[in-house]
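Here's a quick briefing for anyone new to this one. Take a look at the structure first, then read on.

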Amino acid sequence: MTLNLESCDSLPPDEEPKLKYDRMGNDVQNILLKDAVSCISVHTKFICLGTQWGVIHLLDHEGNTVPISPDHNHKDLQAHAIAVNKISVDQNGDYIASCSDDGKVLVYGLYTNENTHNLTLGRVVKSVALDPHYFKSGSGRRFLTGDNKLTLYEKTFLNRLRSTVLCECEGYVQAICWHDRFVAWASEVGVRVYDLVARCSLGLIQWEKALNRSIEDFRCNLLWSAHNTLMIGWVDTVRICIIRKRSLIELQTRDVTEYLVDPVYTFQSDYFISGLGPFNDQLVLLGVPKEPDSETGKTQRPVLSVADYKDCEFCEVSTDSLNIRGYEEYSCNDYYLDMLIEESRFFIVSPKDIVIASPYDIDDRVSWLIDHGRYEKAITVLEEAGGRTSKHSVVTVGVQYLDHLLFEHLFEEAAILCARICKNDKVLWENQILKFAEVNQLRMVSAYVPRNPEQALSSHIYELIIYEYLKVDPVGLLKLVQEWNPALYKTGVIIKEVLEHLLTTEVDKNIYLEALALLYCYQKKYDKALTAYLKIQHKNVFKLITQYKMYSVIYDKILDLMNLDCDTAIPLLQSKEAKIPIEVVEEQLRNHDLYLFKYLDAYSKVEPNGHYHGKLVKLYAKYAREKLLPFLKCSDNYPIQEALDICHGNEFYPEMVFLLGRIGNTREALQIIIENLKDINQAINFCQEHNDRELWGDLIKQTVDKPECVTLLLKRIGNYVDPRILIQNIQQGCKIKDLKESLVKMMCDYHLQMSVQEACKVITLRNYFELHEKMIVNQQRGISVTDDFLCSVCQGRIIMRDLSNASDLVVYNCRHSFHIECLPNGIREGCSVCSAVKM
């Protein structure tokens with residue numbers, strides 16, 4: 001049965017609780033209907049409840065009654081006449097001890113009647129404690145009672161029970177807590193710790209007394225939380241003490257006990273303390289608020305607080321206000337806190353209620369996080385735990401979180417979560433994607449759906465996503481078609497949807513057509529893809545043609561390709577793979593001179609056969625005048641007269657000069673240079689290039705009446721013609737600028753030319769006589785004839801060993817040798833072999 005909790009102000013609403021609460025049910029509810037709890041003792045095996053009517057009940061941890069007698073015939077034990085003050089259980093859970101204001105002390109064996117006691121002390125006994133090792137033979141079977149003194153009972157020789165007063169107390173012994181060799185107890189002045197081995201007190205921990213309240217009115221709560229660690233909670237103060245062994249030096253130099261009590265932590269609480277205990281490295285406090293309820297004036301609900309204290313600061317981590325039955329009528333002394341330290345389970349007891357507080361396990365944490373809308377944290381907790389617990393899994397929580405995000409219209413976050421939880425689960429993917437379809441947000445999840453064909457979902461899922469893009473996001477549609485593997489969906493279905501959509505829309509048609517072209521490519525219908533690309537003027541058409549070698553289908557689409565991108569189309573049309581005849585291209589571009597010009601211009605660079613050079617002259621004249629003259633100079637495959645007419649019609653004088661010079665009409669060319677170009681330097685260069693005396697005469701006649709031209713002629717003509725011709729043609733009275741310098745320059749040039757000619761003549765004659773003399777010397781030099789010499793006619797040896805067969809020889813300077821009788825006409829002036837070679 002889950003307990004109703006209310007968060008205190010100290011716990012933020014989004015702070016995870018440390019503990020969960022369950023009200024103990026089963027048989028304990030029947031007990032509480034008839035009686036009220038006065039004390040409790042929790043053991044790992046069972047729970048002992050003491051009631052106001054002096055009855056002790058034995059229960060399991062779920063609240064079910066367990067037989068208490070060794071013969072299992074009794075379900076409860078009527079131990080006292082009035083309320084049970086304290087119950088103590090040995091470490092093994094074999095014996096229990098109880099005390100009451102009726103003056104009785106009972107030691108009861110759950111499994112045997114041996115070593116049991118029923119003492120009547122005749123005075124109020126507030127506390128009792130069994131030796132933790134009471135169950136062991138040889139332990140002395142010791143126990144302690146606390147009234148107005150602390151008394152130790154132990155078995156002696158012949159099983160007699162001996163009592164020893166350990167301490168006379170101030171008032172009653174409120175509480176006793178026994179651990180190993182140490183016993184702690186509380187009286188009205190404070191808490192003492194006693195060493196049972198050394199039989200001495202380790203000191204008194206005095207408790208401060210407040211002016212408005214007496215510590216006698218509050219129950220002292222003692223607990224050994226660990227080895228040699230004592231926790232004390234009294235009134236509103238917490239002290240944590242360590243039992244420390246003194247050093248050897250201290251023991252030798254001072255008369256002191258072997259151990260001492262060292263209070264290491266002291267804290268003040270906002271509550272009156274009803275119980276305390278350890279919780280991992282933290283502290284759990286059960287308390288009651290000091291101030292009554294402001295509205296009713298009654299006691300407020302008890303509080304269970306978890307706090308940090310190890311850093312010398314008392315800091316509450318979480319605080320839970322408990323809805324205990326009848327809490328308005330109870331004080332802090334009516335509540336008890338006992339625990340199973342190993343399990344971190346806490347039993348909160350009031351007269352009419354028992355609540356069990358236990359740590360949140362992973363399932364509890366996840367449930368709480370889900371209830372508070374913290375799905376992300378819940379998934380993280382599950383992932384750290386391996387992805388699955390007994391109640392929850394990453395998938396189940398993730399699906400809940402996904403539904404929440406979709407409800408909140410957080411579609412992007414929902415899509416990311418979908419990929420996180422679905423992973424490779426195809427069925428889960430499809431179920432969640434359908435949820436996105438319901439809210440028309442398939443676009444959000446499209447980036448995360450599996451795309452690997454091995455993990456692909458049903459094709460219907462991908463088609464749903466594409467269809468949504470088709471309706472609302474054409475750019476996204478195109479991106480999907482570009483990125484997704486066509487094996488994920490049925491391309492025919494998508495093509496049909498796109499075609500139908502194109503019939504009903506006029507917006508973004510080019511984008512839809514581009515997507516359609518890609519889909520046709522996936523179906524290997526490249527002709528349809530080509531048509532779609534050309535329709536939208538998309539440059540992917542060139543890649544399509546090249547990749548799939550669609551050259552045969554573009555014969556009638558050449559103009560469309562040129563309109564799209566002539567710079568890309570021209571190399572494609574001229575590629576060796578295409579093998580498109582130039583006649584086909586020329587026919588397609590006949591009425592589009594600019595495209596034809598660009599094509600033929602490129603064609604002429606790779607195929608210099610000159611077939612279309614005549615047409616190129618006209619196109620160059622129209623679109624690229626700067627290329628015309630270089631083209632005319634480097635080509636011989638155009639009709640010169642036609643080219644001349646074109647240049648004449650366009651008044652391209654430099655080109656006309658070149659063409660006229662080429663056909664030999666140099667006079668007209670010179671006239672154009674002088675009259676139209678008005679460039680005397682070019683005219684002089686032209687005459688120099690053709691080196692025609694008549695042409696020089698024409699130049700002089702046409703320019704001699706122009707003083708500025710005469711100056712240049714005087715400076716430059718001296719190297720080529722007789723200057724007297726120019727001077728004789730200069731008219732009388734003509735004013736020539738820089739005449740003196742020009743004449744000096746002309747005469748120097750002419751004199752230099754004459755000097756060079758004379759020098760060349762002298763050098764030539766000298767070389768002639770030197771070479772002639774050298775030739776004569778060489779020809780008069782003897783020739784060495786050896787056995788290797790053969791007759792060039794009969795191939796016989798020239799030198800004979802047998803002189804009777806010897807004959808006359810003829811040996812030329814070229815080293816060819818002959819028998820004289822082998823020569824057809826006898827001795828000749830020249831070598832017949834060399835003469836034949838020259839012929």
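At what angle do helix α13 and helix α14 pack? The angle is about 160°, and their axes lie 9 Å apart. Keep in mind that this is a predicted model, where local features need pLDDT of at least 70, side-chain atom pairs count only at pLDDT 80 or more, and totals for chains, interfaces and linings use all residues. Residues are numbered from 1 along each chain as its sequence is written, and side-chain values use heavy atoms, with hydrogens and water left out.

**The helix pair**
- Helix α13 covers residues 526-535 and helix α14 covers residues 540-548 (helices are DSSP runs of H or I with at least four residues, strands are runs of E with at least two, and both are numbered from the N terminus).
- α13 and α14 are therefore roughly antiparallel to each other (the word applies to angles over 145 degrees, on a scale from 0 to 180 degrees between N-to-C directions of axes fitted to C-alpha atoms over the stretch in contact).
- On the α13 side, Tyr526, Ala529, Leu530, Tyr533 and Leu534 make the contact (heavy atoms within 4.5 Å).
- α14 brings Asn540, Val541, Leu544, Ile545 and Tyr548 to that contact.

**The sheet**
- Four strands form an open sheet in the order β7-β8-β9-β10, with antiparallel pairing (two strands pair if DSSP finds at least two bridges between them).
- The edges are β7 (84-89) and β10 (117-120), each pairing on one side only.
- Neighbouring strands here are turned by 10° against each other on average, direction ignored.
- Strand β9 (residues 104-109) is joined to β10 by 4 bridges.
- Lysine 104 has threonine 120 of β10 as its bridge partner.

Terms used:
Angles under 35 degrees count as roughly parallel, over 145 as roughly antiparallel, 65 to 115 as roughly perpendicular and the rest as oblique.
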